[in-house]
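Q: I have the sequence and the model open side by side, and I'd like to go through them with you. Could we start with the overall picture and then move to the details?

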Amino acid sequence: MSTIHEQAVPLFEEIVNGYNKRSASDVAEGESMDLRRARQSAFEKFRLLGFPTIRNEDWKYTNLTRFLKEEYELEGAARGSDDFAGTNTQSAVETATIPGLDAYRVVLVNGVWDGKVTGGPLPRGLEIIKVANAVTDPSLAPYFENPKWGNNAFPNLNTALFTDGLMLNVTREIDKPLHVVHYYDAERNILVQPRHLWVIGAGAGVTVVETINSATGEARVWVNSLTEVIAHRDARIDHLVIQSAAAGVRLVNHTTVRQKKQSLYNNYTFTFPGAELVRNDLQLRLEEDHTETHLYGLYLTSGQQLVDNHTLVDHQKPNCFSNELYKGVLLERSTGVFNGKVYVHQDAQKTNAFQQNNNLVISKHATIDSKPELEIFADDVKCSHGSTVGQFSEDALFYLRARGIGDEAARAMLIAAFAFDVTEKIRIGAIEGYVNELINQHIPVSHGKRSDD
């Protein structure tokens with residue numbers, strides 16, 4: 001285990017100073033003692049753990065060293081929404097618009113929501129609250145006072161220092177999607193730590209679409225985002241994440257979903273070329289029986305981009321079903337990581353779990369590390385997993401060429417067909433079309449040939 005003393009990175013000192021300043025500030029005074037104790041506990045745990053290194057099993061394929069050499073500031077990160085409000089909020093809306101999507105829309109700039117909603121007034125059963133307000137509300141604060149992140153460094157760091165984010169309270173079926181636009185912009189390198197909480201009540205249902213975009217510039221923005229989703233009995237949530245931030249963003253996302261009896265959670269994560277570092281930690285806790293989970297992912301990587309998808313599906317009770325399909329297309333000198341784990345407890349009899357990761361490596365300099373895992377302690381289950389790494393099928397290329405399709409166009413068609421197994425799962429036509437358009441933009445025919453660059 002690495003410790004703070006073993007990692008001589010400037011960000012450590014900034015974090016320590018930032019925590020001490022915040023603890024003594026007026027902001028902290030408005031929080032409950034339980035939350036302040038939770039922050040202190042999380043901070044001490046982070047200090048003990050340090051930033052993860054390749055000696056940590058869950059980070060063995062993802063080396064953060066080159067990103068931690070950069071200096072980041074905590075001061076000003078939380079007030080970024082005020083600093084950049086106006087023109088940049090409008091830029092965020094324009095950048096993240098999904099043509100033809102009828103949705104309620106909110107915009108967070110550097111993790112802070114300005115309180116505005118477009119797309120019509122919010123319906124009954126959908127309440128949106130700033131986390132900065134929720135943590136000082138005695139009826140809501142308990143959600144934040146008992147973090148259980150174990151030895152996960154980044155969620156503990158977020159718990160220690162988060163200042164704002166988005167809380168959703170859904171109590172009935174919502175008629176159209178909620179589009180959450182995350183936009184990042186800075187004049188200097190900053191660390192931003194949004195904290196989100198979504199509570200989906202019994203029998204309620206909602207579709208949440210998150211798009212992650214950023215301005216292009218020299219400044220770096222490290223985003224350490226933490227989202228907790230609680231799906232109560234018979235609840236349904238469709239959760240779509242479209243990541244297309246620019247190269248200056250380092251994106252670390254941790255999402256924990258807690259599912260109660262007969263709830264349904266569908267996740268669709270799409271990562272496109274841009275951000276040099278993307279780490280998605282998605283953890284599902286199937287805490288009661290007859291729950292159902294579907295995870296779909298597509299990652300397209302280029303340049304020297306590093307995209308790491310880690311998933312954990314934790315089957316705790318019997319008669320639950322999970323299905324997972326992730327696909328990757330790797331270009332140039334990029335690196336992809338997939339580490340998916342299905343854990344079946346002894347009490348989780350009649351579990352049905354499937355996991356598959358398929359990768360198409362276009363360049364001989366691209367790298368993929370794929371590690372699907374099953375850990376099963378029950379004896380009456382149906383569980384399977386698999387992983388493939390391949391290149392273009394010469395037979396398929398020959399078939400297309402024989403019908404008058406050029407070589408580069410044929411390769412581009414095969415890439416689109418490879419991605420189709422994931423994109424077809426999207427149930428909203430406007431979003432499916434938008435994702436397919438992004439695929440076409442990021443894999444032009446010039447990328448069709450296997451590159452030695």
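A: A word on terms before anything else: a residue is called buried under 20% relative accessible area, exposed over 50%, and partly exposed in between, with a 1.4 Å probe and protein chains only. This is a predicted model, in which local features need pLDDT of at least 70 and side-chain atom pairs count only at pLDDT 80 or more, while totals for chains, interfaces and linings use all residues. Residues are numbered from 1 along each chain as its sequence is written, and side-chain values use heavy atoms, with hydrogens and water left out.

Q: OK, what percentage of the residues in the protein is buried?
A: Of the 453 residues, 57% are buried. The protein exposes about 18600 Å², of which carbon and sulfur atoms supply 47%; accessible areas come from the Shrake-Rupley method with a 1.4 Å probe, and for residues only the protein chains shown count as cover.

Q: And how many helices and strands are there?
A: The secondary structure comes to 11 helices and 20 strands, where helices (H or I, at least four residues) and strands (E, at least two) are DSSP runs numbered from the N terminus. Taking contact to mean heavy atoms within 4.5 Å, 86% of the contacts between residues at least 6 apart in sequence join residues at least 24 apart.

Q: Let's look at a strand, say β8. How many of its residues are buried?
A: Strand β8 (residues 205–214) is mostly covered, with 10 of its 10 residues buried. Gly205, Thr207, Val209, Thr211 and Asn213 point one way, Val206, Val208, Glu210, Ile212 and Ser214 point the other way, and all are buried. In a regular strand the side chains alternate between the two faces of the sheet.

Q: Which strands does β8 pair with?
A: Two strands pair if DSSP finds at least two bridges between them. β5 and β8 pair in the parallel sense over seven bridges, with histidine 179 standing opposite valine 209 in β8. Strand β10 (residues 236–243) also runs parallel to β8, joined to it by eight bridges, and there threonine 207 stands opposite aspartate 238.

Q: What about β18, how many of its residues are buried?
A: Eight of the 10 residues of strand β18 (residues 352–361) are buried, so this strand is largely enclosed by the rest of the structure. It pairs in the parallel sense with β16 (residues 321–330) over 10 bridges, where glutamate 324 has glutamine 355 in β18 as its bridge partner. Nine bridges join β18 to strand β20 (residues 382–390), and these two run parallel; alanine 353 stands opposite cysteine 383 in β20.

Q: Switching to helices, which residues of α11 are buried?
A: The buried residues of α11 are Ile431, Tyr434, Val435, Leu438 and Ile439. Seen down the axis of α11, they fall within an arc of 140°, so they line one face of the helix; the arc is that of the directions from the helix axis to the C-beta atoms.

Q: Now charges: how many salt bridges turn up?
A: A search of the whole structure finds 25, a salt bridge being a side-chain nitrogen of Lys or Arg within 4 Å of a carboxyl oxygen of Asp or Glu. One of them joins arginine 37 to aspartate 34, with the closest N and O atoms 2.5 Å apart; both residues lie in helix α3 (residues 33–49), three residues apart, about one turn of the helix.

Q: And which one involves glutamate 57?
A: Glutamate 57 forms a salt bridge with lysine 371, the closest N and O atoms being 2.6 Å apart. That pair links distant parts of the chain, with glutamate 57 in the loop between α3 and α4 (65–68) and lysine 371 in strand β19 (residues 367–376), 314 residues apart. Glutamate 57 counts as partly exposed at 45% relative accessibility.

Q: Last one: is glutamate 287 buried or exposed?
A: Glutamate 287 is buried, with a relative accessible area of 18%, and it lies in the loop between β13 (277–286) and β14 (292–301). Leaving aside its neighbours within four places in sequence, glutamate 287 is in contact with Arg258, Gln259, Lys260, Gln316 and Lys317.
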